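Work through the following exercises with the sequence and the three-dimensional structure side by side. Try each task before reading its solution.

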Amino acid sequence: MEKMKKLGLFGLRVPQELGGVGLSNSSYARVMEVVGKYDLGVALTLGAHQSTGFHGILMYGTQQQRESYLPHLASGHYVGAFAITEPGSGSDANSIGTTAILSEDGTHYILNGTKHWISNGSFANVFMVLAKILGTDPITGLPEYKTTAFIVERAFGGVTHGVSEGKLGVRASRTSSVFLSDVPVPIAN
């Protein structure tokens, strides 16, 4: 993986001004096709990092989030993963059970939940995590849970992973469960 980082393969879609290569979607797809031709597991690792792992930051992140995370993700110093799939709900975002509760002082959310089959989950240090926050229905005024995405760093604490799943193929890509236990996530994330 170190050679791929030096070649810039971890930042193919990140704009050049943020330390990436700045490829268009079609150019990115061509590169991934070539990588996949030789090793599908490596292509899946890179794809989970870029296509889902930091895609939310790239497309919808604030300028501060983009400047804070994308240079590290592009260099491969950080590796990304997308954490949506859960036991009992699969990848149905509306039925996830992971919760995000606003702290009493209002400075961060506390995330709790379990994610399954997360590509790069055993070694990623930045996760896009979908969780439910308590909000208010604008029509009825009643409390309701709304799904939102959070940028979660393993370094925040409370993020652990299970053993890598045994697979029949694509073994070079590691997939594991990710456990979130009282993870403090700043409001800005």
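A residue is called buried when its relative accessible area is under 20%, exposed when that area is over 50%, and partly exposed in between, with a 1.4 Å probe and protein chains only. The model is a predicted one, in which local features need pLDDT of at least 70, side-chain atom pairs count only at pLDDT 80 or more, and totals for chains, interfaces and linings use all residues. Residues are numbered from 1 along each chain as its sequence is written, and side-chain values use heavy atoms, with hydrogens and water left out.

**Exercise 1. Decide whether Val152 is buried or exposed, and list what Val152 is in contact with.**

Solution. Begin with the place of Val152, which is strand E5; helices (H or I, at least four residues) and strands (E, at least two) are DSSP runs, numbered from the N terminus. The relative accessibility of Val152 is 0%, so Val152 counts as buried. Next come the contacts, where contact means heavy atoms within 4.5 Å. When neighbours within four places in sequence are left aside, Val152 is in contact with Leu111, Asn125, Val126, Phe127, Val129, Val159, Val183 and Val185. Finally, compare sequence with space: Val152 and Ala81 are 71 residues apart along the chain, and their C-alpha atoms are separated by 9.9 Å.

**Exercise 2. Find which residues touch the most other members of the largest nonpolar core, and which elements contribute to this core.**

Solution. A nonpolar core is a set of buried Ala, Val, Leu, Ile, Met, Phe, Trp, Tyr and Cys residues joined through side-chain atoms within 4.5 Å. The largest one has 28 residues, and those that touch the most other members are Leu111, Phe127, Phe150 and Val152. Two or more residues are given to this core by each of helix H2 (25–38), H3, E1, strand E3 (108–119), E4, E5 and strand E7 (175–186). Another core, of 13 residues, lies apart from it and includes Phe54, Tyr69, Leu73 and Met128. For Leu111, the residues touched, not counting those up to four places away in sequence, include Thr99, Ala100, Phe150, Val152 and Asp182. Asp182 itself is found in strand E7, and its phi is near 55°, a positive value in a residue other than glycine.

**Exercise 3. State how many aromatic pairs a search of the whole structure finds, and classify each one.**

Solution. Rings of Phe, Tyr and Trp (its six-membered ring) pair if their centres lie within 6.5 Å, and planes under 30 degrees apart count as stacked, over 60 as edge-to-face and the rest as tilted. The search finds 2 pairs. Tyr69 and Tyr78 lie 6.3 Å apart, centre to centre, with 50° between the planes, and this pair is tilted. Tyr69 and Tyr78 are both buried. In the pair of Tyr109 and Phe150, the centres are 5.2 Å apart and the planes are at 65°, so this pair is edge-to-face. Because Tyr109 lies in strand E3 and Phe150 in strand E5, the pair ties together parts that are 41 residues apart in sequence.

**Exercise 4. Determine whether Ser173 and Asn120, each in a loop, are buried or exposed.**

Solution. Ser173 lies in the loop between strand E6 (159–161) and E7, and its relative accessibility of 2% is why Ser173 counts as buried. Asn120 is found in the loop between E3 and E4, and at 0% relative accessibility Asn120 also counts as buried. Although Asn120 is not a glycine, it has a positive phi of about 75°.
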